[in-house]
Amino acid sequence: MMLDWYTRYYQVVLDSRANALYCERLAGRNLYQHDFTEMADLDRLIEVTGMSEGQRVLDLGCGNGFITEYLSDQSGACCTGLDFIPEAIRQAEERTRAKRDRLRFQEGDMARLDFPPASFDILIAVDTLYFTELIQTIGEMKRVLAPGGQMALFYAHGWVPWESLDAFPRDSTLPDRTPLALALQAHGLAYRTWDYTQADYAHAQRKQRIAEDLRDAFEAEGNLFLYENHQGEAVGVQRAIEANAHTRYLYHVTTLSNS
Ligand SMILES: C[S@@+](CC[C@H](N)C(=O)[O-])C[C@H]1O[C@@H](n2cnc3c(N)ncnc32)[C@H](O)[C@@H]1O
């Protein structure tokens, strides 16, 4: 189901003028973002990790790779993007052929990483750790991270409107109680967090306005499903934050160089 949705998304998004305008207006630049980040948030990933030339970076759930390419262009780091949608990886590989010395893409599942131990200095995940078994995935991520390596992970957790709000455990939105935090703790990984919940709320408000402004343009292209997805996410996140049942954090994991 999720695979089918993302396959359709990447098949149409490259040629969607409405979606390009939507990303430009919302995030500041069209990198085909399917997330809650803006350009300053991507720059924050570079800043917090000190990403620089010569480092090996893995972007988990890279989609069609525009964010991976941006991170590599800005920092000079050698970046690998991984996603399990073949069409997304095909687009990324084709577009970045001239940058193969520092940009690569690979089809694969983040829960079963096909890389030798200690292959990367930095692991990035921008709104992707929602569709995978986290204990296994964080274990795989730990395995491919070199001693002294880091992870920088944008992650939201909250109530979804089609489930019961009363049954939602609100304490699971605390930075040390989210499913991601529990998985990091289970693997003995140390982290610090920054709370992006208020930024997420403001982003969701703008997301809703911009999607609604562009609704006719999406429809004229035959891509109303993109509008419905953007709009639905925006409304759902606002409702959940208003109900005190949604948070978003940047998790920064650091490891010891002799670990
Ligand atoms: C919400 S999108 C975010 C894409 C991109 N990081 C961004 O910020 O725009 C989630 C992406 O993660 C990918 N993904 C989800 N689960 C995955 C998994 N287990 N292994 C590999 N890719 C996965 C999806 O195919 C999709 O491209």
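## A walk through the predicted model

W159 sits in the loop between β5 (145–158) and α7, where helices (H or I, at least four residues) and strands (E, at least two) are DSSP runs numbered from the N terminus. This is a predicted model, in which local features need pLDDT of at least 70, side-chain atom pairs count only at pLDDT 80 or more, and totals for chains, interfaces and linings use all residues. Residues are numbered from 1 along each chain as its sequence is written.

Back to that tryptophan. W159 has 24 other C-beta atoms within 10 Å and is buried. The cut-offs, with C-beta atoms placed from the backbone, go like this: buried is 20 or more other C-beta atoms within 10 Å of a residue's own, exposed is 12 or fewer, and partly exposed is in between. Leaving out residues up to four places away in sequence, W159 touches L165, F168, A240, A243, A245 and H246; contact takes C-beta atoms, placed from the backbone, within 7 Å. W159 and A243 are 84 residues apart along the chain, and their C-alpha atoms are separated by 8.8 Å.

What about S257? That serine lies in the segment after β7 (246–254) and counts as exposed, because it has 9 C-beta neighbours inside 10 Å. Setting aside neighbours within four places in sequence, S257 is in contact with P147 and G148. Its C-alpha atom is separated by 25 Å from that of V126, 131 residues apart along the chain.

V126 turns up again at the ligand. Of the 21 residues around the ligand, V126 comes nearest along with D35, G61, T128 and F131; "near" takes a C-beta atom, placed from the backbone, within 6 Å of the molecule. By class, that shell has 11 nonpolar, six polar and four charged residues. Here Ala, Val, Leu, Ile, Met, Phe, Trp, Tyr, Cys and Pro count as nonpolar, Asp, Glu, Lys and Arg as charged, and the others, Gly among them, as polar.

Now for the helices. Seven of the 10 residues of α4 (residues 66–75) are buried, so this helix is largely enclosed by the rest of the structure. The buried ones are F66, I67, T68, E69, L71, S72 and S75. Their cover includes α3 (39–49), β1 (56–60), β2 (78–83), β3 (103–107) and β4 (120–126). After α4 comes G76, with a positive phi near 85 degrees.

Two helix pairs are set out below; axes are lines fitted to C-alpha atoms over the stretch in contact, and angles run from 0 to 180 degrees between N-to-C directions.

| Helix pair | Axis distance | Angle |
|---|---|---|
| α6 (residues 134–144) and α7 (residues 179–186) | 9 Å | about 50 degrees |
| α1 (residues 2–13) and α5 (residues 86–95) | within 8 Å | roughly 30 degrees |

In the second pair, T7, Y10 and Q11 of α1 meet E87, A88 and Q91 of α5. That contact divides into two nonpolar, three polar and one charged.

Finally, two residues other than glycine have a positive phi. A118, in the loop between β3 and β4, has a phi of about 60 degrees and is partly exposed, with 14 other C-beta atoms within 10 Å. D127 is in the loop between β4 and α6, with phi near 55 degrees. D127 counts as partly exposed too, with 17 C-beta neighbours inside 10 Å.

Terms used
Two residues are in contact if their C-beta atoms, placed from the backbone, lie within 7 Å.
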